Amino acid sequence: MQLPPSAAPRSAYPPDVLPEQVRRRLLQLARAGEPVSAYVYDGAVAAERARELRAALPGWAQVYYAVKANSFPGIVQALAPYVDGFEVASVSELELALTAGEPERTGTAPVVAAGPAKSVPVLTALVRAGVEAINAESLLELHRISRIAVAEGVTARVALRVNPADIPISGSLHMGGAPSQFGVAEPDVREVLCAASELPGLDLVGFHIHAASNNLDADTHAAYLRWCVEWSVRTAQAAGITLRHVDIGGGIGVAFEGEKPFDVARFGELAGQVEPPPGVRVVLEPGRFLVADCGWYAAEVTDVKASYGEWFAVLRGGINHFQLPTSWDIVHNAAVLPVKDWPEGCPRPAAEDVRVTVVGELCTPEDTLLRDVLVDRVRAGDLVVFPCAGSYGWEFAMHSFLGHPVAERHLL
Ligand SMILES: *Cc1c(COP(=O)(O)O)cnc(C)c1O
């Protein structure tokens, strides 16, 4: 979905930016009685994103959905037929992926797993599930996987997660070399591979690199893919490893107002010019890109008030349910969905043709979702609806802070 750009001062979206069936479901919820704070998801939208990306890519590429972006079971299930597998980090994400996917398709569970602090219980569950690749983050983790695999009498497929020193992905843009808790720093890779080759119960299939984030540029993402493949081929050769698996992580971006969406067709075309050696599959792990626009977050306006000349719309909800707009410094615009009924029998406060700041129900000024947005009209009892709320929304929020009821989740 491409959101329309807004003029300055920023105007709220018109309600017709919301699909008809989303509006209908939200108005149903508003009539149902309890003040609304809810996510509405459309599984078909997520499925379409996955289908589109998968269809654009060459046969050696595989799309694994990064479950952390949206772990609502209905969404994971909607994506299952259109992705090659799932990327998980915890036992509960693993279980979700195993029940949503089709393990019989490849003979092993179509899952890869990453995470900088995989505990022995997590690693044990991954080894037992026989996942495609455990992305090992350190030498100690390789030792643990080896020990578990030997005890279980199996061989565990592992990919070494690498934090590269420098990724020259275009003339001017460089990534990598930043200290982090993720993976093995490139200068240490040789030594770790050498030590890993001595460990029983491991099959080192390749490498995992997750260095891109919210990238909207198809050219640089394709160049990043190419770099990951070429680096992996070189490194495997030098270490005497039979390379079968290159995982380039997630990081395909989602456009907000005024930004140009990621060009999937162009990315596929450029990726098609990369030639991984035969027998090597390249795994992409998009999260946000697949699910951002399949979700809408809606909260009822509990109160409307003016304070020293500024207007506030106060929501039944906020960063306890939808933290993204504040934590990522993105301006996440919203629409006001008018609700006709006003059963309270007292004057209904309203703000008309003014700038309004949209805040939540928490007792902290941090709980601000949208500042100074020009609205035609917002009244107590109306709904404020944020499109493009399907990724890192419900999962990312601080549900327990102040103890209000958690946001509902509905599948269309
Ligand atoms: C979070 C994450 C992803 C998904 O990232 P997006 O930016 O949502 O595409 C993929 N792989 C790993 C290892 C991650 O941690």
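View 1. An oxygen atom of the ligand lies 2.5 Å from an N or O atom in the side chain of Tyr392, a polar contact being a pair of N or O atoms within 3.5 Å. In this predicted model, local features need pLDDT of at least 70 and side-chain atom pairs count only at pLDDT 80 or more, whereas totals for chains, interfaces and linings use all residues. Residues are numbered from 1 along each chain as its sequence is written, and side-chain values use heavy atoms, with hydrogens and water left out. A nitrogen atom of the ligand is 2.6 Å from an N or O atom in the side chain of Glu285, and an oxygen atom of the ligand is 2.8 Å from a polar backbone atom of Gly251.

**View 2. The shell around the ligand.** The ligand is surrounded by 13 residues, of which Lys68, Gly251, Glu285, Arg288 and Tyr392 are the closest; a residue is counted if one of its heavy atoms lies within 4 Å of the ligand. This shell comprises four nonpolar, five polar and four charged residues, with Tyr counted as nonpolar and Gly as polar.

**View 3. The two domains.** The protein chain is divided into domain 1 (15-42 + 292-411) and domain 2 (43-291), with bounds from an automatic or database domain assignment. Their C-alpha centres lie 35 Å apart, and 18 residues of domain 1 are in contact with 19 residues of domain 2, contact meaning heavy atoms within 4.5 Å.

How values were computed:
Polar contact = N/O pair within 3.5 Å; in protein donor to acceptor, adjacent residues only side chain to side chain.
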